[in-house]
Each structure stands twice: as C-alpha cells, then as structure tokens.
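Here is a short note for your first look at this model. Please keep the sequence and the 3D view open as you read.

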Amino acid sequence: MDAQTAADRYILILQCPDRKGVVAAVSGFLADNDASIVESSHFNDGLADQFYMRTVFRPDGDMPGIDDLRRGFELIAKRFGMTWALHDAGAKPKVLIAVSKFGHCLFDLLHRWRAGLLPVEIVGVVSNHEDMRSFTEWSGLPYFHLPTTKANKAEQEEAFLKLVDDLDVDLVVLARYMQILSPALCARLSGKCINIHHSFLPSFKGAKPYHQAFERGVKIIGATAHYVTTDLDEGPIIEQGVHRVDHSHTPDDLVTLGRDVECTVLARAVTWHVEHRVLIAGAKTVVFA
C-alpha cells in the first residue's frame with residue numbers, strides 16, 4: 001500500500017474464538033459509522049477454533065475519528081472475546097535496523113526505503129561493528145555503534161533497549177545482526193523484532209552454513225524471516241523463500257544466491273508486518289499477504 005493509497009485508510013485486525021456473526025458485526029459497525037470497506041480478508045482455523053480477520057476501510061460520510069471508533073468497537077470486541085487493534089494506514093512505523101558485518105540486507109532495505117517502496121520511517125542503524133557506518137551516514141541516517149563482548153553484553157543490551165525507547169521504535173529489524181539476544185531482550189522485544197537467516201536450521205549451524213550445505217550436496221537453499229522469541233531462531237515464521245541449486249554451483253554461488261533470497265524474504269516480512277498483515281497465532285502466524 002503506497003502513501004497515496006494509504007491516505008484516509010484504516011486497518012482493523014482481530015482474532016477471536018470462531019463464532020457466528022463476527023463478520024456481520026464488524027461490517028455492520030463500520031457501516032453504522034459511515035465507513036466503507038476497501039479490502040477484507042479472514043481465515044477460520046478449524047483445528048484451533050480461532051477466527052482471524054483483517055479489514056481495510058475508508059471514510060464514506062461523517063466517519064468518527066480513530067479514537068472514537070476504538071471506543072465504539074470495544075463493545076463488539078468484548079462480546080466476541082477479540083484480541084484486536086485499529087491502525088491508521090497512513091502512519092509510518094518507526095524502524096531501527098541492527099546489522100553486523102554483512103550489509104546485503106541493510107543495503108536492500110535502505111534502497112527500498114529511499115525509493116518509497118517500504119512504508120516506514122527508519123530512525124537509525126545499530127551495529128556491533130563499524131563496517132556499515134559510512135553507508136548508513138551517506139544515507140542520511142544516524143549510526144549507533146555498540147561494540148559487544150562477553151564482558152559487556154548485558155550493558156550493551158541495555159544501551160540497545162534505551163535506543164528503542166528513546167527513538168520510540170515500533171519495529172526492530174535484525175538485518176544479519178550476528179549477536180544472540182538474551183532471553184530478557186527477546187522478551188522485551190516480543191512481537192516487534194524480526195530476524196532473517198538461512199533456512200537450513202537446525203542443520204548447518206555456525207560459520208559458513210552455505211559451504212557446509214555445499215559439502216552435503218543440497219539441492220535447495222533459502223531464507224526464513226521470523227519474529228524473535230526466547231527460543232533461538234524458532235519464533236513464529238512470517239515468510240520463507242527458496243532457490244534450487246545443483247552440482248554446478250560453487251560454494252560462493254550458494255552464498256550469492258542465498259543472500260538474494262535473504263533480502264527478498266526480509267523485505268516481504270517487514271512490509272507485511274508494517275501493513276498489519278501478520279497475526280501471531282501461538283508458535284506460528286496467519287499472514288494476509
């Protein structure tokens with residue numbers, strides 16, 4: 001959804017136990033408040049008996065303000081036991097990008113942002129190395145260097161969280177940030193931190209995973225974007241992508257192809273998150289892409 005399309009658009013997302021009348025209640029509420037539905041998606045998870053819905057609407061008459069709409073919708077939400085949120089589609093979430101020495105995902109995100117393809121406000125880049133400083137500052141963004149060792153890890157994580165608070169960050173993107181976050185930091189960033197990595201896990205852990213994969217003769221490489229949780233690299237998956245390879249590809253070919261997939265998958269995941277297309281459903285997600 002570009003900036004022009006997002007103007008005067010609002011997004012209602014919800015999940016609740018599956019019951020008759022949810023769609024009718026939502027559409028009736030919007031109609032009664034002079035709102036016209038532009039887009040609506042819903043999913044009934046029969047196995048979990050849960051209902052998920054994303055509705056985009058616009059004013060069609062004398063529609064109340066968003067705060068009044070929220071207050072009015074509370075009665076419906078309570079009746080159906082909903083977990084819900086109402087967003088202004090024109091508001092750009094504030095994003096902090098974390099990176100280490102590999103810059104491909106950072107380069108891709110900043111290119112999309114500068115081209116107007118990523119509907120966010122990037123407020124800065126944080127890193128445990130200096131490698132990406134010149135590119136970040138050339139892009140007109142502040143660069144926060146937090147060198148991390150075993151001795152100062154807790155202190156630097158506090159500094160990281162202070163940045164999140166001071167910059168009023170809505171989403172942290174780990175764009176190949178090669179630091180394992182502590183359980184406490186993961187818990188503080190729950191639902192607002194996205195990570196990207198190769199999709200071989202739990203195989204080929206550690207250094208040079210693509211080289212390890214080459215030695216095993218893999219035929220598919222890929223990437224996974226997921227929410228960060230206290231379970232390392234096991235948070236709810238938002239998006240995945242794959243690329244077929246064969247015996248003719250060298251380890252360096254696999255690295256290059258893998259990085260391309262990582263960039264694409266991460267960009268999709270960030271875009272879907274900020275457009276409120278992702279609902280967390282326990283250990284997995286419902287994505288209205």
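Is lysine 208 buried or exposed?

1. Lysine 208 counts as exposed, because its relative accessibility is 57%. Buried means under 20% relative accessible area, exposed means over 50%, and partly exposed lies in between (1.4 Å probe, protein chains only). Find lysine 208 in the loop between strand S9 (193-198) and helix H8 (209-215). Helices (H or I, at least four residues) and strands (E, at least two) are DSSP runs, numbered from the N terminus.

2. A word on the source. This is a predicted model, where local features need pLDDT of at least 70 and side-chain atom pairs count only at pLDDT 80 or more, while totals for chains, interfaces and linings use all residues. Residues are numbered from 1 along each chain as its sequence is written, and side-chain values use heavy atoms, leaving out hydrogens and water.

3. Check the backbone angles. Most residues other than glycine have a negative phi. Lysine 208 has a positive phi of about 50° and is not a glycine. Aspartate 49 also has a positive phi, near 55°. Aspartate 49 sits in the loop between strand S2 (35-45) and S3. It is partly exposed, because its relative accessibility is 43%.

4. Now the aromatic rings. The structure holds nine aromatic pairs. Rings of Phe, Tyr and Trp (its six-membered ring) pair if their centres lie within 6.5 Å; planes under 30 degrees apart count as stacked, over 60 as edge-to-face and the rest as tilted. Tyrosine 10 and phenylalanine 57 are stacked, because their ring centres are 5.7 Å apart and their planes are at 25°. Tyrosine 10 lies in strand S1 (residues 10-17) and phenylalanine 57 in strand S3, so the pair ties together parts 47 residues apart in sequence. Both tyrosine 10 and phenylalanine 57 are buried.

5. A second pair looks like this. The rings of phenylalanine 73 and tryptophan 84 have centres 5.0 Å apart and planes at 65°, so this pair is edge-to-face. Phenylalanine 73 is in helix H3 and tryptophan 84 in strand S4 (residues 83-88), eleven residues apart. Phenylalanine 73 is buried, at 2% relative accessibility. Tryptophan 84 is partly exposed, at 22%. Together with Phe29, Phe73 and Trp84 form one aromatic cluster.

6. Last, one more aspartate. Aspartate 60 is found in the loop between strand S3 (50-59) and helix H3 (66-80). It is partly exposed, because its relative accessible area is 48%.
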